[in-house]
Amino acid sequence: MSGERIGFIGVGAMGEPMCRNLVRKHDGPVACYDLDPAPLQRLAGDGARVASSLADLAAGADLVFLSLPSGREVRAVCRGDGGLVERLAAGCTVVDASTAPPALARELAAAFGRRGIAFADAPVARTRQAAIDGTLSVMVGGEAELVERLRPLLAHIASDVTLCGPVGSGQAVKILNNMILFQNVRALAEGLAVARRQGVTPEVFLEAVSRSSGDSFALRSHGMKAILPEHYPEGAFSVTYAMKDLDYALELATEAGVDAAGAALVKALFDEAIESGLGACYHPVIATLVDRKRTA
């Protein structure tokens, strides 16, 4: 994919560093588009071309990345009036790095396919720092031949690229990955709250568990870097965004006839966090709610 013209739509918390890595590492032009001018200005300083409109970006792109907040925005950008389905030329490729329902990915693949445009869903996992470092994990759904063609580009933003299966499977794996992560974070919060009341300091508790069978990515990233220092900034992966992914997961569970009771418990805690005014905070903030709870 050397020399291809890349368009990048959605340069928020994850999209901006992803786009920046493409600007720095890809040997062809990269254009970006967003409704927020601030990240566009920063990316322009790195050498990206700022597209004046969605039509402008589509006209000058061979391959378009999407990194949007939810399926609603993905659908609007792709299938809305003047969207990518109408604007892109045959032979182009769309890679959706957003987190959106698998059914939408399959719908878009069919709509683009009728126009001779290739499509893959490629949601990303890990932290914003991983997006900055270019060490994300990408879970891809799509034709194997297309995914292999995309690997050199995806390697600019990720250290791990997994072909999960046909279109939609990347989204399914990402959504369920997040469902598991959120439950791990809740389990950490519960363990910390009990340990504290047993006279064990949070630092000692997390360090001991990190050396034992309870170790996890959630412990080392969310436990040690967020819950322990009580660092829950706005602008990170917020409770509101996490709730969106969890709702997607619960919908998949319902469709599959699976009783995802653990995920439902996390949803209740997310609901409480949002009602308490914590919806914009980094999602491990739920630990503060667990810690203040008392059983009867």
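Ser137 counts as buried, with a relative accessibility of 14%. The model described here is predicted.

- Ser137 belongs to strand 8, which covers residues 136–141.
- The cut-off for buried is under 20% relative accessible area, and the 14% of Ser137 therefore places this residue in the buried class.
- Apart from neighbours within four places in sequence, Ser137 is in contact with Pro123, Val124, Ala125, Arg126 and Asp160.

**Arg126, one of the contacts of Ser137**

- Arg126 is among the residues that Ser137 touches.
- Arg126 sits in the loop that runs between strand 7 (124–125) and helix 7 (128–133).
- The relative accessible area of Arg126 is 38%, so this residue is partly exposed.
- Most residues other than glycine have a negative phi.
- Arg126, which is not glycine, has a positive phi, near 95°.

**Glu230, another loop residue with positive phi**

- Glu230 is located in the loop between helix 11 (217–227) and helix 12 (239–256).
- The phi of Glu230 is near 55°, again a positive value in a residue other than glycine.
- Is Glu230 buried or exposed? Its relative accessibility is 60%, and Glu230 therefore counts as exposed; the cut-off for exposed is over 50%.

**The packing of helix 9 and helix 10**

- Helix 9 spans residues 169–197 and helix 10 spans residues 202–210.
- These two helices pack at an angle of about 130°, and their axes are 9 Å apart.
- Helix 9 and helix 10 are therefore oblique to each other.
- The crossing of helix 9 and helix 10 is right-handed.
- On the side of helix 9, the residues that meet helix 10 are Leu188, Gly191, Leu192, Ala195 and Arg196. On the side of helix 10, they are Pro202, Phe205 and Leu206.
- The residues of this contact comprise six nonpolar, one polar and one charged.

**The buried face of helix 4**

- Which residues of helix 4 (residues 71–79) are buried? They are Gly71, Val74, Val77 and Cys78.
- Seen down the axis of helix 4, these buried residues fall within an arc of 130°, so they line one face of the helix.

How values were computed:
Residues numbered from 1 in each chain as written. Predicted model: local features only at pLDDT ≥ 70, side-chain atom pairs only at ≥ 80, totals over all residues. Heavy atoms only, no water. Axes fitted to C-alpha atoms, helices over the stretch in contact; angles between N-to-C directions. Helix = DSSP H or I, 4+ residues; strand = E, 2+ residues; numbered from the N terminus. Parallel < 35°, antiparallel > 145°, perpendicular 65-115°, else oblique. Left-handed = near helix turned anticlockwise from the far one by under 90°. Contact = heavy atoms within 4.5 Å. Nonpolar A, V, L, I, M, F, W, Y, C, P; charged D, E, K, R; others polar. Buried < 20%, exposed > 50% of the residue type's maximum accessible area, 1.4 Å probe, protein only. Arc of directions from axis to C-beta.
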